[in-house]
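Colleague: I am new to this structure and would like a short tour. Could you show it to me?

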Amino acid sequence: MGALQAIALSGGLGAELRGVFICSRMPQEKIDFIQQMLLKHRVIFFRNQYQITDQSHRDFAQNFGEIVSHPMVAAQKEPAILELHSHKGGRANSWHTDVTFDLQPPKLSILRAVTVPDLGGDTVWANTVAAYEHLPDHLKALAEKLWAVHGNDFDYAASRVELLHDDTARKYRSQYAAQVIKSEHPVVRVHPETGEKSLLLGHYAQRFVNCNTYDSDRLYEIFQAHVTRLENTIRWHWAAGDVAMWDNRSTQHYAINDYGDRTRVMRRVTIVGDVPVAADGSRSRAHAH
């Protein structure tokens, strides 16, 4: 497929990789290149990967670590793959970092487009390292002292989460939070590979430790607004055969729900991550509830 290339898509986030044919067995030099580009660009894209099957999707992912099942699919026949189906509750239309309610949020995810609508359905990623770096010094100092409780039973009626009212969505959510999982994470985490600091927030963040709901909401709005500044984002318009791969330790993302009743089906494999580490070296902990 030609020489390996990384075409940057913006000044601070995102690149399209060329010369890569995703399959079950790939040369180590290509895996190393993909890993390097992921750390540099945080989200990378591959076009025209029509050949991918569930098996090769899993095999490719295992080059980057151990596959972890999403809590929603752990009991299914094929737990390694999460299907996001627009008619089965799979519309993650709010800003989030994946599965931050877990003590070890995922390292990265690899998402492939199975069925895309004829319009709409884009995904947007945000650079949480840039969000931290652009904070004024006094807000950096405050953020480094804050911890947040993240839970899978977050308030779907909150303003930062769009509520879908159909029965399928309600059933999906009741299953999702059947087992309540909560963790306390530092608002500023240190990336285990690059050493960069980033803001760890998103819609699973329920409140800040030792803060009441009112103060938590105000603080959340301040810091989250820095994450989602347009300068920190990249928007991808999906086509058949596209694959996206993102570093879950330095990004948030948002799947735009602007395609009505059209069908959108994506399949995702996720890699186990580390317990987040704060700027002072302390580690995330399970939240007693």
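Modeller: Let us begin with strand E7 (residues 147–151), in which five of five residues are buried. Buried means under 20% relative accessible area, exposed over 50%, and partly exposed in between, with a 1.4 Å probe and protein chains only. Helices (H or I, at least four residues) and strands (E, at least two) are DSSP runs, numbered from the N terminus. This is a predicted model, in which local features need pLDDT of at least 70 and side-chain atom pairs count only at pLDDT 80 or more, while totals for chains, interfaces and linings use all residues. Residues are numbered from 1 along each chain as its sequence is written, and side-chain values use heavy atoms, with hydrogens and water left out.

Colleague: Which way do the residues of E7 point?

Modeller: Trp147, Val149 and Gly151 point one way, Ala148 and His150 the other way, and all are buried. In a regular strand the side chains alternate between the two faces of the sheet.

Colleague: Which strand does E7 join over five bridges?

Modeller: That is strand E8 (residues 182–186), which runs antiparallel to E7. Two strands pair if DSSP finds at least two bridges between them. Within this pair, Ala148 stands opposite His185. E7 also pairs with strand E11 (residues 205–208), again in the antiparallel sense, over three bridges, and there Val149 stands opposite Arg207.

Colleague: Changing topic, how many salt bridges are there?

Modeller: The count comes to 18, where a salt bridge is a side-chain nitrogen of Lys or Arg within 4 Å of a carboxyl oxygen of Asp or Glu. One of them joins Asp54 and Arg267 at 2.9 Å, N to O. This pair links distant parts of the chain, 213 residues apart: Asp54 is in helix H2 (residues 54–61) and Arg267 in strand E15 (residues 265–271).

Colleague: Are those two buried or partly exposed?

Modeller: Asp54 counts as partly exposed at 24% relative accessibility, whereas Arg267 is buried at 15%.

Colleague: What does Arg268 meet in a salt bridge?

Modeller: Arg268 meets Asp98, at 3.6 Å from N to O. Because Arg268 lies in strand E15 and Asp98 in the loop between strand E4 (82–85) and strand E5 (108–115), the pair ties together parts that are 170 residues apart in sequence. Both Arg268 and Asp98 are buried.

Colleague: And which residues form a network of salt bridges?

Modeller: Glu16, Arg18, Arg47 and Asp242 are linked in such a network.

Colleague: Now the helices. How far does H6 reach?

Modeller: Helix H6 (residues 213–227) has 15 residues and reaches 21 Å from its first C-alpha to its last, close to the 21 Å expected at 1.5 Å a residue. The expected span is 1.5 Å times one less than the number of residues.

Colleague: Which residues of H6 are buried, and what covers them?

Modeller: The buried residues are Ser216, Leu219, Tyr220, Phe223, Gln224, His226 and Val227. Their cover includes strand E6 (123–127), helix H3 (128–133), helix H4 (137–145), E10, E11 and E14, where contact means heavy atoms within 4.5 Å.

Colleague: Finally, how many helices and strands does the protein have?

Modeller: There are six helices and 16 strands. Of the 289 residues of the protein, 54% count as buried. Among contacts with a separation of 6 or more, residues 24 or more positions apart account for 83%.
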